[in-house]
Amino acid sequence: MKSSFTLYREGRSTPEIRLTVNMVLTARRWRSLLDERLRPIEQSSARMEAMAAILNSPPLSPQVEIARRLRIEGPTLTRMLDVLEKDSLVERLPDPNDRRTNQLRLTEDGEGALAEIFAVTDAMRARLLDGFTDEQIQLINTFLEELLRRLDTGLNDPDE
């Protein structure tokens, strides 16, 4: 059996290779198009993800939990929060139980900005998914959630 690299080098592929390449390209194109559509309102997909994670987390969640939820490193979130805080969209509050930790919440302006972002995103999502049935969308969601669960385990070799 030829390796996937050998097949790919020969200009051939497999359904599995096409699936992983298509997932990457789809996610990359969605973010690019979303950023393009959010630019006129001075927002981005990264800002949306951070604010949505804060909004959709338990009240006053620690910064480290938000980073974990977004699957990004702490310093990456810290840089984003610096900008969001400067724009008065997010508040960092000292954690009364741990001086080293900040708790996060959206400001009223942050909720307004996120609502505006969602209006843009909702319209794009509707066009993207037009014609797919609820069952098809649920099947894809189930599949992607399982892939994400597997990726979150680190894809450790079962023999290790």
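Author: With the naming of elements. Helices (H or I, at least four residues) and strands (E, at least two) are DSSP runs, numbered from the N terminus. Arg71, for example, lies in the loop between α4 and α5. This is a predicted model, in which local features need pLDDT of at least 70, side-chain atom pairs count only at pLDDT 80 or more, and totals for chains, interfaces and linings use all residues. Residues are numbered from 1 along each chain as its sequence is written, and side-chain values use heavy atoms, with hydrogens and water left out.

Reader: What is the phi of Arg71 near?

Author: Most residues other than glycine have a negative phi, and most peptide bonds are trans. Arg71 has a positive phi, near 60 degrees. Glu42 also has a positive value, near 55 degrees, and sits in the loop between α2 and α3.

Reader: Is Glu42 buried or exposed?

Author: Buried means under 20% relative accessible area, exposed over 50%, and partly exposed in between (1.4 Å probe, protein chains only). Glu42 counts as exposed because its relative accessibility is 67%. Arg71 has a relative accessible area of 48%, so this residue is partly exposed.

Reader: How do I read a sheet, and what is the strand order here?

Author: Two strands pair if DSSP finds at least two bridges between them. Here an open sheet of 3 strands runs in the order β1-β3-β2, with antiparallel pairing. The edge strands, β1 (61–62) and β2 (90–95), each pair on one side only. β2 and β3 pair over 6 bridges, and a hairpin of 2 residues joins them. Within this pairing, Val90 has Leu106 as its bridge partner, and Glu91 stands opposite Arg105. β1 and β3 pair over 2 bridges; there the bridge partner of Pro62 is Gln103 in β3.

Reader: Which residues is Leu60 in contact with, leaving aside its neighbours within four places in sequence?

Author: Contact means heavy atoms within 4.5 Å. On that basis Leu60 is in contact with Leu93, Gln103, Leu104 and Arg105. Leu60 is placed in the loop between α3 and β1. Leu60 and Leu93 are 33 residues apart in sequence and 8.0 Å apart in space, C-alpha to C-alpha. With a relative accessible area of 32%, Leu60 is partly exposed.

Reader: Which members of the largest nonpolar core touch the most other members?

Author: In soluble globular proteins, nonpolar side chains tend to be buried together. A nonpolar core is a set of buried Ala, Val, Leu, Ile, Met, Phe, Trp, Tyr and Cys residues joined through side-chain atoms within 4.5 Å. The largest one has 21 residues, of which Met51, Ile54, Leu81, Leu84 and Val90 touch the most other members. Elements giving two or more residues to this core are α2, α3, α4, α5 (74–86), β3 (98–106) and α6, and α3 gives the most, with 5 residues. Not counting residues up to four places away in sequence, Leu84 touches Arg47, Ala50, Met51, Leu89 and Val90.

Reader: Which residues lie nearest the centre of the largest pocket?

Author: On a 1 Å grid over the protein atoms alone, a pocket is an open set of points where a 1.4 Å probe fits, with protein on both sides within 12 Å along at least five of seven lines; lining residues have an atom within 4 Å of a point. The largest pocket is lined by 39 residues, and Thr26, Ala27, Trp30, Asn141 and Leu144 lie nearest its centre. α2 gives the most to this lining, with 13 residues.
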